[in-house]
Number of protein chains: 2
Amino acid sequence: MTIKEVSEAYQITTDTLRYYERVGMIPAVTRTSGGIRDYQEEDLKWVELAKCMRSAGLPVEAMIEYVRLFQEGDSTLPARLQLLVEQRENLLKQRSQIDQTLARLNYKISRYEVAVRTGELTWDT
Amino acid sequence: MTIKEVSEAYQITTDTLRYYERVGMIPAVTRTSGGIRDYQEEDLKWVELAKCMRSAGLPVEAMIEYVRLFQEGDSTLPARLQLLVEQRENLLKQRSQIDQTLARLNYKISRYEVAVRTGELTWDT
DNA sequence: TCTTGACTTAGAGTCAACTCAAAGGAATAT
DNA sequence: ATATTCCTTTGAGTTGACTCTAAGTCAAGA
């Protein structure tokens, strides 16, 4: 699979795919004899994982560290586990923050709906 | 309340508080005759709202627009409602993305826990 | 063979959201 | 009155995550 095809399949620009590889967020991608990227199953799994983690807001740095540990072999299993647990912790915090803000937005929205219907504002900010 | 006190109360640096005011993410703060910021109840409400929205990841730009509309008066009520509804939509998407990633992290973590216990890796990435 | 379009790298540029530095004014303790 | 500490503004610098540019290489069709 060419970089263009991967780009379309995963909705990630070719620039970003090269960037991910360059900084080590995914391992080096398989190449043709001419030096052109030819993504294999294995490579696509990494791309997909990277996309998933990034879309939730996990830092690029965390994925780089994970890939680095992964490539070091089985001795880093506990370190990788710890990294994943930490990132899960971060996501849980982030989600609870979003929930708090959603509750607040819902409240404000319900107030605004009344205000827009009646043309009257019954409170402040 | 001085900027320092607000900074400590809300865990926002004084630099960031001044930045928020400068870009219009909160309305101009009350000043003493000497030109020094003296946060009133009203000002603190805005600070708190800004902090809440930012901690959920809402863009500064959205808050700026909200404040702008707010200061324009009651004629902008529908526009403000629409802005809030859009931002809620964004947060809901963001949360569902986090949930997806959490599910995946949980799966990986459970696999890693087995692997670390047995000292054996039973699968790939 | 020639052209066209996609591929390559290295390195510079952009954007959002801060964060810091410089230079000076104000309020309080001694 | 002087020192200290906190306040002010303006404008520049930093960080994370891309995104773009330049200069060149490769591969498929006319």
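## Contacts and overall form of chain A

In this predicted model, residues 24 or more positions apart make up 47% of the chain A contacts that have a separation of 6 or more. Of the 125 residues of chain A, 20% count as buried.

Chain A contains five helices and zero strands, and from the N terminus on its elements read α-α-α-α-α. The radius of gyration of chain A is 22 Å, whereas the globule rule gives 14 Å for 125 residues; the value is well over the rule, so chain A is more spread out than a compact globule. Taken along the principal axes, the box filled by the C-alpha atoms of chain A is roughly 70 × 35 × 20 Å.

## Where chain A touches chain B

Between the two protein chains, 35 residues of chain A are in contact with 34 residues of chain B. On the chain A side, helix 3 (41–55) and helix 5 (77–118) each supply at least two residues. Helix 5 of chain A gives the most to this side, with 24 residues. By class, the side of chain A that touches chain B divides into 20 nonpolar, seven polar and eight charged residues.

## The surface near DNA strand C

There are 19 residues around DNA strand C, and those that come nearest are Lys4(A), Arg37(A), Gly34(B), Pro59(B) and Val60(B). Both protein chains take part in this surface: helix 1 (3–10) and helix 2 of chain A, and helix 2 and helix 4 of chain B, each supply at least two residues.

Helix 2 of chain B gives the most to the surface near DNA strand C, with three residues. The classes found there are six nonpolar, seven polar and six charged residues.

## The surface near DNA strand D

DNA strand D has 20 residues around it, of which Gly34(A), Val60(A), Thr2(B), Lys4(B) and Arg37(B) come nearest. The elements that each supply at least two residues of this surface are helix 2 (14–23) and helix 4 (60–72) of chain A, together with helix 1 (3–10) and helix 2 (14–23) of chain B.

Helix 2 of chain A provides the largest share of the surface near DNA strand D, three residues. This surface divides into six nonpolar, eight polar and six charged residues.

## Helix 4 of chain B

Helix 4 of chain B covers residues 60–72, and at 1.5 Å a residue its 13 residues should span 18 Å; the end C-alpha atoms are 19 Å apart, which agrees. Met63(B), Tyr66(B) and Val67(B) are buried in this helix. Seen down the axis of helix 4 of chain B, the buried residues fall within an arc of 95 degrees, so they line one face of the helix.

The cover over these buried residues includes helix 3 (41–55) and helix 5 (77–118) of chain B. The face of helix 4 of chain B turned away from the buried side carries the exposed residues Glu61(B) and Glu72(B). Just after the helix, Gly73(B) takes a positive phi of about 105 degrees.

## Val29 of chain B

Val29(B) sits in the loop between helix 2 and helix 3 of chain B. A residue counts as buried if 20 or more other C-beta atoms lie within 10 Å of its own. Val29(B) has 22 C-beta neighbours inside 10 Å and therefore counts as buried.

Leaving aside neighbours within four places in sequence, Val29(B) is in contact with Glu21(B), Arg37(B), Tyr39(B) and Asp43(B). In the case of Asp43(B), which is 14 residues from Val29(B) along the chain, the C-alpha atoms of the two are separated by 6.0 Å. Arg37(B), another of these contacts, is also among the residues that come nearest to DNA strand D.

Most residues other than glycine have a negative phi. Gln11(A) has a positive phi, near 55 degrees, and lies in the loop between helix 1 and helix 2 of chain A. Because Gln11(A) has 9 C-beta neighbours inside 10 Å, it counts as exposed.

In chain B, Gln11(B) is not a glycine either, yet has a positive phi of about 55 degrees. Gln11(B) is found in the loop between helix 1 and helix 2 of chain B. With 9 C-beta neighbours inside 10 Å, Gln11(B) counts as exposed.

Technical notes
Residues are numbered from 1 along each chain as its sequence is written. Chains are lettered from A and ligands numbered from 1 in the order in which they are written. This is a predicted model: local features need pLDDT of at least 70, side-chain atom pairs count only at pLDDT 80 or more; totals for chains, interfaces and linings use all residues. Helices (H or I, at least four residues) and strands (E, at least two) are DSSP runs, numbered from the N terminus. The expected span of a helix is 1.5 Å times one less than its number of residues. A residue is buried if 20 or more other C-beta atoms lie within 10 Å of its own, exposed if 12 or fewer, and partly exposed in between; C-beta atoms are placed from the backbone. The arc is that of the directions from the helix axis to the C-beta atoms. Two residues are in contact if their C-beta atoms, placed from the backbone, lie within 7 Å. Ala, Val, Leu, Ile, Met, Phe, Trp, Tyr, Cys and Pro count as nonpolar, Asp, Glu, Lys and Arg as charged, and the others, Gly among them, as polar. A residue is near a molecule or strand if its C-beta atom, placed from the backbone, lies within 6 Å of it. The radius of gyration is taken over C-alpha atoms; the globule rule is 2.2 Å times the number of residues to the power 0.38.
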